[in-house]
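Here is a short briefing to read alongside the model. Take a look at the fold, then follow the points below.

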Amino acid sequence: MNTIQQWRQHQQKRHQIDLLASDLDPAKPHDELKSIQHHQIQLSPTTTGSILQGRRYANELSPQHRHWIFNSRSALSLLLTASLVLTVGIAPGSSQERKPSRTITASGKGIVTIPTTISQIRLAIEVTAKTPNQAQQDAAKRSTRVVDFLKTQQVDKLQTTGINLNPTYSYPPNGQPQLTGYTASNSISFQVTTDRAGAILDAAVRNGATRIDGVNFVASDRAIATAQLQALKQATQDAERQADTVLQTLNLKRREVIGVQINSASTPVPLPMPMQARADMTATKPATPVVGGEQQVEAAVTLDIGY
């Protein structure tokens with residue numbers, strides 16, 4: 001029952017109560033119920049009991065008070081109306097009642113594969129000398145040549161990652177370890193596009209690099225960011241497809257999405273260069289081939305959908 005229907009019913013009851021009040025006679029203390037029946041007003045047992053109790057109280061009053069009370073028809077009509085409103089209340093199924101929405105939860109996954117176009121390279125310059133000062137100076141000279149060369153190649157994120165100086169010993173079979181000299185090493189890391197990595201590595205060795213500590217392959221930051229958005233879109237669509245399939249199977253109608261949770265949109269881990277390829281780079285070849293691979297960007301989304 002909507003609000004307009006409730007208002008019309010209330011006005012009809014009010015009119016009936018006015019008719020009831022007009023029939024009340026102070027000289028007929030028990031005619032109220034007959035008047036109610038005459039006008040066909042449906043009252044609850046609680047309301048009927050309240051009217052009789054009020055009449056018993058009125059009989060105990062003096063004739064003057066009783067005459068004044070029963071002539072106050074407006075007040076009596078108002079009281080009976082309030083009683084009816086409390087008895088009737090709000091009809092079941094009205095707009096003020098909202099059933100809690102049922103929900104289905106679905107989790108989707110998205111995977112986007114992108115090529116690795118950037119090589120992260122770690123080089124080291126290592127030298128040995130009789131004295132620590134000589135070892136450090138030789139390592140500094142070689143490191144300077146390597147760094148200057150890399151700067152001319154416009155590599156990215158060039159930085160020194162380590163400086164070490166350690167004594168070296170020999171270990172005779174039947175004697176104490178003997179100091180034989182000192183080893184100094186400087187470590188450098190940088191990034192370069194994979195198609196240029198082989199040639200730059202070869203040139204860095206010619207300029208003084210003595211050790212290649214590792215090569216990792218990654219995609220560009222822009223490619224990873226774009227792939228993360230694509231993976232999130234795929235994950236959302238996957239979750240929606242799962243929920244729709246279940247609801248259609250059960251002949252249920254899908255409603256709005258009431259909850260969204262992004263479980264992950266991770267950045268891929270750099271791919272290390274295979275050990276065999278790393279070993280081949282130390283050999284004397286005309287050019288060192290460097291080939292990157294592919295990375296997977298994953299995302300997961302959970303949806304709460306009403307039905």
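Is Lys 157 buried or exposed? Lys 157 is exposed, at a relative accessible area of 56%, where exposed means over 50%, buried under 20% and partly exposed in between, using a 1.4 Å probe and protein chains only. Please keep in mind that this is a predicted model, in which local features need pLDDT of at least 70, side-chain atom pairs count only at pLDDT 80 or more, and totals for chains, interfaces and linings use all residues. Residues are numbered from 1 along each chain as its sequence is written, and side-chain values use heavy atoms, with hydrogens and water left out.

**Positive phi**
- Most residues other than glycine have a negative phi.
- Lys 157, in strand 3 (residues 156-170), has a positive phi near 55°.
- Asn 251 is not a glycine either, yet its phi is about 55°.
- Asn 251 lies in the loop between helix 8 (221-249) and strand 6 (257-265); helices (H or I, at least four residues) and strands (E, at least two) are DSSP runs, numbered from the N terminus.
- Asn 251 is exposed, with a relative accessible area of 72%.

- Three strands form an open sheet in the order 1-8-6, with antiparallel pairing; two strands pair if DSSP finds at least two bridges between them.
- Strand 1 (103-115) and strand 6 are at the edges with a single partner strand each, so one side of each has no neighbour in the sheet.
- Strand 6 and strand 8 (residues 294-306) are joined by 7 bridges, and Gly 259 stands opposite Asp 304 in strand 8.

**Helix packing**
- Helix 8 packs on the sheet and touches strand 1, strand 6 and strand 8, with contact meaning heavy atoms within 4.5 Å.

Conventions. Axes are lines fitted to C-alpha atoms, for helices over the stretch in contact, and angles run from 0 to 180 degrees between N-to-C directions.
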